[in-house]
Amino acid sequence: MQRKIIFPILTVFLLLWYCTPEASAQKKEVKILPEKVVSKFQAGALPLTDPTSGVWLNLPASTVKLIPQDVQEPKLAAPSIGSIKVRSINNGSWIAFHIEWEDATEDFNLRADRYSDGVSVEFPLNPKQPPDHRMGSEKEPIHLLLWKAYQQKAKEGTSFLALNYPNRWSDYSPYELPGHSVSPAHAAEIKGLLPAVALGNPIVPGTAPVVEEINAETWNKVTIQEDQDAKGKGTWKDGRWYVVIARPVITPDPQDAPLDGGSSYVAFACWDGAKANQGPRKMVTEGWLSLEIGK
Amino acid sequence: MSHEVFNWQINRKMTYWYPEHRPGRQFAGVFDINKCIACQTCSLACKTTWTSGKGQELMFWNNVETKPWGGYPTAWDVNILSRLGPQKWGADEYEGATVFEAAPKGERVLQYQPEDGDWCNVNLGEDECSGIIEKGTHLKLPHAVWFFYLQRICNHCTYPACLAACPRGAIYKRPEDGVVLIDQKNCHGHRECMKACPYKRVFFNVVTGTSEKCIACYPSLESGKCNRCFETCIGKIRLQGWISTPEKAREDNPVDFLVHIRKVALPLYPQFGTEPNVYYIPPKQADPVFLRQMFGPGVDKAIATYKNAKNDPELLGLLLLQGSSDRVIERFRVKDGTAIGYTAKGAEIVRVPLKEPLHVRPYKDVALDVFRHNVT
Ligand code: SF4
Ligand code: SF4
């Protein structure tokens, strides 16, 4: 008799707990999609910094569907990039992903109200037990290779200050007079005026690599790797982005997702700057895609 | 995630992204709007101290704007208020929605993002009064046509909207003093904080790609000295200190006295729900309807108490201590016509007379046997 009462009470209690925000925050969703990305083996050098090369465009492509990120606030309210075309090759030492998508505007500007286009490739750190594909799960990190248009532009020499405010006046350090070289002691002082630079924030434009290697273990546990070995480049042409993101297949870095087994999983995320996509406001794959690395 | 927290400024529980966690003590300021002369010394003191670097050209962590028309960024208050929509204060508590409760699905905070140009006009609307002065208008309180200056820094809120919104967890509130900081090493420049802060006190640096904000001059704060904008204030309108929650208010704590005991200083837009920690003595010449929207239903009483200061030696004494030292006055006492400011440990910092002594020199200097003329 007692059991009969306790059981429904317990069920109701559990159900109620499950609906609380705490529960949903801990909820881990692992989804493996039936789609596959096959990385074809091709000996010799790969055109890692030429995304419009025929080497890429002649490869077979898989169309990967994207949906708005809708698990973690801030969510993406309106869908932006509906799908991407993915191609992949490897030469035994480097594995590269070529990602192509339609985007009417090339957004690379950095300003209070401007956001950058971008794309990322993600792998589970433990391919045997992949975590939530969007940002990893507690103690189950993912390895993320992030390409952002603004970081590439900065690396190529664009100053967003000069671009946005050509007539600006910066009241700046007297040690930095035009036509005079800056002594190392004064350089340190000048650096101190920009706290993010002084502290070595790895996202500072111009200092960040074009493709940034990141580990994520849930939404707010994100670390930028010490060893940055990824490469890549994006080109926007006639309303389309063509982006190459590449990493070594085998690395000694324990923070890198292992790919030497010949198979793993891969997921993608994409940002449309014109639609204010930034951070968690992004388009994501519905789950992990199987990754097969040809030898 | 949604947690239930208590916000004394709206006198009720509300929802917030994180659980209630008050700091050991909370940095606070009281600004007497009636005394500000809009000299902008505070704005420049801050600018030259903290934001003279590259990428900070449009930043004024402290600004002084003219109400009703001025605002930096342009129309920040109109923008957030119109998004929040008409809301209601009840007899004892705020019955409307806060920026956390009014957040649309999928968001942590009700928000808006100013355009870049909105940051380019720091003193737009300066000295513009509320309307046209009709022929024959004469002065009476409140004025038929009015304006006043609003001094703005980050409120180092108890429930910061900026902190709640940061997806990286790169914003933190210091447990030792309640100062809200953006970790410049970990900020990823997502600008969620900028969109979420209802007071628009977060700025974006295009050189570093990070968001930056007022740091409450924490190096001076840590040594018991006033922040730059407090210390340099020409009008002596600013009082810096520590605020307690109402039930722990101390009569001899200057901020507690003005906010909790005399209730003469009020938070700016308490209805936003962030529990801001800069308090304002409302301007007595302005339209009370406008002021009630800005500072809540306590405005009329606050102005009446302020106007009565001449009969209230403690209040008068404290208002005279305001801006009288570059050190933080943590305790005060008014005795025998003198107001005295102390450190928390009771060491005297400064004393001011409630009435300046009046000296009248006799017309004739007997020693020199000359008359004192004002003629050269
Ligand atoms: S005023 Fe804005 S920036 Fe300052 S703590 Fe409050 S929400 Fe954050
Ligand atoms: S220094 Fe004082 S008086 Fe001058 S504008 Fe600032 S707050 Fe007002």
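Modeller: A polar contact is a pair of N or O atoms within 3.5 Å; within protein, one atom must be able to donate a hydrogen and the other to accept it, and residues adjacent in sequence count only if both atoms are side-chain atoms. The model here is predicted.

Colleague: What area do domain 1 of chain B and domain 2 of chain B bury between them?

Modeller: Carbon and sulfur atoms account for 58% of the buried area. The total for the two domains of chain B is about 1800 Å².

Colleague: Which side chain does Arg25(B) meet in a salt bridge?

Modeller: The interface of domain 1 and domain 2 of chain B has 3 salt bridges. In the one at Arg25(B), the N to O distance is 3.6 Å. That pair passes because the cut-off for a salt bridge is 4 Å. The side chain that Arg25(B) meets is that of Glu330(B).

Colleague: Now chain A. How many salt bridges does the rule find across the interface of domain 1 of chain A and domain 2 of chain A?

Modeller: Domain 1 of chain A covers 30-157 plus 211-293, and domain 2 covers 162-205. The rule finds 3 residue pairs in polar contact across their interface, both residues at pLDDT 80 or more. For salt bridges across that interface, the number is 0.

Colleague: Which three residues supply 44% of the area that domain 1 of chain A buries against domain 2 of chain A?

Modeller: The area buried between these domains is about 630 Å², with carbon and sulfur atoms giving 58%. The 44% share on the domain 1 side is more than any other three residues supply, and it belongs to Arg111(A), Gln151(A) and Ile224(A).

Colleague: Arg111(A) also has a partner in chain B. Which residue does the side chain of Arg111(A) meet in a salt bridge?

Modeller: Salt bridges between chain B and chain A number 3. The one at Arg111(A) has an N to O distance of 3.5 Å, and the partner is Asp116(B).

Colleague: Which residues in chain B lose the most area to chain A?

Modeller: Chain B and chain A bury about 3500 Å² between them, 56% of it on carbon and sulfur atoms. Three residues together hold 17% of what the chain B side buries: Lys54(B), Asp116(B) and Val206(B).

Colleague: How many charged residues are on the side of chain B that touches chain A?

Modeller: Chain B and chain A have 16 residue pairs in polar contact, both residues at pLDDT 80 or more. By class, the chain B side has 11 nonpolar and 19 polar residues, and the charged ones number 12.

Colleague: Which residues are the closest to ligand 1?

Modeller: The shell holds 9 nonpolar, 2 polar and 2 charged residues. Of the 13 residues around ligand 1, the closest are Cys154(B), Asn155(B), Cys157(B), Cys162(B) and Cys197(B).

Colleague: And which are the closest to ligand 2?

Modeller: By class, the shell around ligand 2 has 9 nonpolar, 4 polar and 1 charged residues. Its 14 residues include the closest ones, Cys36(B), Cys39(B), Gln40(B), Cys42(B) and Cys233(B).

Technical notes
Residues numbered from 1 in each chain as written. Chains lettered and ligands numbered in written order. Predicted model: local features only at pLDDT ≥ 70, side-chain atom pairs only at ≥ 80, totals over all residues. Heavy atoms only, no water. Buried area = accessible area lost by both parts, 1.4 Å probe. Nonpolar A, V, L, I, M, F, W, Y, C, P; charged D, E, K, R; others polar. Near = heavy atom within 4 Å. Domains from an automatic or database assignment.
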